[in-house]
Amino acid sequence: MKTDVVVIGAGAVGCAVARELSKLKLSVVVVDKNEDVGGDASKSNSAIIHTGYDASPGTLESRLVVAANPMYDRISRDLDVPFSRIGAILPAFTDEQFEKLPFLKEKAFDNRVYDVEYLTGEQLLAIEPNLNPEVKGGLYIPRESIIDPFLLVVAYAENAQQNGVNFLLSTKVVDITTAGGKITGVKTDAGDIECDYVVNAAGLYCDEIASYVGKNDYYVNPRKGQFYILDKNTSVKVNHIVLPIPTKLTKGKLMCPTVHGNMLVGPTAEDLDDKTDKSTTAEGLDSIAADVRKLIPGVRLNDTITQYCGLRPNRNPEGLHVDVYDDLYGYVNLSGVRSTGLTASAALGVYVTQTLIRMGMPAEYKTDFIATRKGIPSFHKANDEQKEELIRQNPLYGRVICRCETITEGEIVEAIRRPIPARSIDAIKRRLRAGMGRCHGGFCRPKVIEILARELGVPAEEVLKNQKGSYLVTGRVK
Ligand SMILES: Cc1cc2nc3c(=O)[nH]c(=O)nc-3n(C[C@H](O)[C@H](O)[C@H](O)COP(=O)(O)OP(=O)(O)OC[C@H]3O[C@@H](n4cnc5c(N)ncnc54)[C@H](O)[C@@H]3O)c2cc1C
């Protein structure tokens, strides 16, 4: 296979880069070892689109996050991704925390986030009634926002695909080839790809990819973040992203709504060595409970429907880097896209593309670029008239499969037939939320397996939860 550009990694960053590259007359291939687009860290985070108010001023990360935040009004509209500008609050409960507020405001100012406001304790309680009543005052950051992180990545990818980008999934990059100081190709476990440009957007494994071209002057360790997800019906909710005042050691644990109405509580920040350790622990979850009760004393953690964890790619030495090298034409190395990469992805798409153009990559725009992408019509969001129309057009919309989230067979079949098809149970779950409700798949999973088996033309025993080998069914019992 021959192409102009290979992007390694189909997480938020790789897919945003691919979408931006798809505006140009170039051939682009995205390669990912996972069975679906969506990345690793990109599908297990707090889902916040940050403003950059608390970034380290003057860093590339600050520039990217501050630039990216305003881009999401347009991206969410053009790509049909649930997004809400709910705002964040940073309440102070102790004198020590209260005295930090001017410094936090000053940092926001240095990051050019000028709309951060001081609110009194009374004002904060008026907008966030479940807040600890000891609150003395705090900061309000109106443009901190929430998004559906799964659909953001799927939407970047689908739109890139509509514009000609080729996605090679379940394909692992095992080497990069060079000749005369130039990129010549990528070797994968499914064959070789000749190319002139490579973008390393491999997240946690970007150091491994960098080692293939001798550019691994850093290493990456996972920084684990554990979370609780609470039921939509929990009685003690918040309206904003409620953040603790950071300490020297940690940004701390937050509570916020998701775009779908659940409550998210966490995350921890635990440095590990094992890049595959995705376990949640009693110790980690207990620390979340203790910390979040200082913010929202009434939080009802017994309304938890699931717990999960994500691994931040923590670069050593620290810092978000986009590196190019005088002695290696055609190679862009991203590293340290750690805690704000979901947000930064929109700006990184542009930044990486312009970096490649400055390097000498041809830059001719397509006149037929398709800027918008439509998501799968949602049955539960439709009004009665729209529901009738959906069922009239496709009777499978009349069969509810996931009772908790009201997801129909019509939506599941469409997800399987999309240009970037959902081919596993988790891929369906991330696109549609079938199995993400209160029972977490207890009722709908067997039906989802049946539909996947039928549509993919395989026996149920071969339907995967996610990666190769993750079979759930071993055979019939009666
Ligand atoms: C607990 C937690 C909370 C967070 N909260 C937020 C938040 O609220 N807001 C925010 O903006 N950011 C947040 N982040 C950070 C954000 O999630 C990440 O910075 C971002 O998702 C990184 O995206 P990525 O595409 O670089 O990496 P990933 O999503 O990890 O994608 C990398 C991809 O590369 C692929 N890959 C790796 N090696 C190979 C190979 N050899 N061959 C082929 N493919 C390969 C992987 O399979 C993976 O799909 C959080 C992260 C965590 C863990």
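**Entry 1: Asp40 and Lys33**

I looked up Asp40 in this predicted model and found a relative accessibility of 25%, so Asp40 counts as partly exposed. I then checked its partner: Asp40 forms a salt bridge with Lys33, with 3.7 Å between the closest N and O atoms. Lys33 also has a value that I recorded, 36% relative accessibility, which means partly exposed.

**Entry 2: Arg143 and Asp115**

I turned to the salt bridge of Arg143 with Asp115, where the closest N and O atoms are 2.6 Å apart. I located Arg143 in the loop between strand E7 (137–141) and strand E8 (145–147), and Asp115 in the loop between helix H4 (95–110) and strand E6 (117–120), so this pair ties together parts 28 residues apart in sequence. For Arg143 I noted a relative accessible area of 24%, partly exposed. Asp115 is partly exposed as well, at 25%.

**Entry 3: Glu455 and Arg417**

I found a salt bridge between the side chains of Glu455 and Arg417, at 2.9 Å from N to O. This pair links distant parts of the chain, since Glu455 belongs to helix H13 (residues 445–456) and Arg417 to helix H11 (residues 409–417), 38 residues apart. I recorded Glu455 as partly exposed at 24%, whereas Arg417 is exposed at 60%. Both residues belong to a network of salt bridges that also links Arg399, Glu409 and Arg454. For the model I noted a count of 34 salt bridges.

**Entry 4: helix H1**

I asked how many residues of helix H1 (residues 12–21) are buried. The result was 10 of the 10, so H1 is largely enclosed by the rest of the structure. The buried residues include Arg19 and Glu20, along with Val13.

**Entry 5: the ligand**

I listed 38 residues around the ligand, the closest being Asp32, Ser42, Ile48, Val173 and Thr343. I divided this shell into 15 nonpolar, 17 polar and 6 charged residues. H1, strand E14 (219–230), strand E19 (304–316) and helix H9 (341–359) each supply at least two residues of the shell. I also noted that at least three shell residues come from each of domain 1 (1–83 + 145–217 + 317–375) and domain 2 (84–144 + 221–313).

Which backbone atoms lie 3.1 Å from an oxygen atom of the ligand? I found a backbone N or O atom of Arg338 at that distance. A polar backbone atom of Val13 is 3.0 Å from a ligand oxygen, and a backbone N or O atom of Lys33 lies 3.1 Å from a ligand nitrogen. I recorded that the protein covers 98% of the 990 Å² of accessible area that the ligand has on its own.

Conventions. Residues are numbered from 1 along each chain as its sequence is written. This is a predicted model: local features need pLDDT of at least 70, side-chain atom pairs count only at pLDDT 80 or more; totals for chains, interfaces and linings use all residues. Side-chain values use heavy atoms; hydrogens and water are left out. A salt bridge is a side-chain nitrogen of Lys or Arg within 4 Å of a carboxyl oxygen of Asp or Glu. Buried means under 20% relative accessible area, exposed over 50%, partly exposed in between (1.4 Å probe, protein chains only). Helices (H or I, at least four residues) and strands (E, at least two) are DSSP runs, numbered from the N terminus. A residue is near a molecule or strand if one of its heavy atoms lies within 4 Å of it. A polar contact is a pair of N or O atoms within 3.5 Å; within protein, one must be able to donate a hydrogen and the other to accept it, and residues adjacent in sequence count only if both atoms are side-chain atoms. Accessible areas come from the Shrake-Rupley method with a 1.4 Å probe; for residues, only the protein chains shown count as cover. Ala, Val, Leu, Ile, Met, Phe, Trp, Tyr, Cys and Pro count as nonpolar, Asp, Glu, Lys and Arg as charged, and the others, Gly among them, as polar. Domain bounds come from an automatic or database domain assignment.
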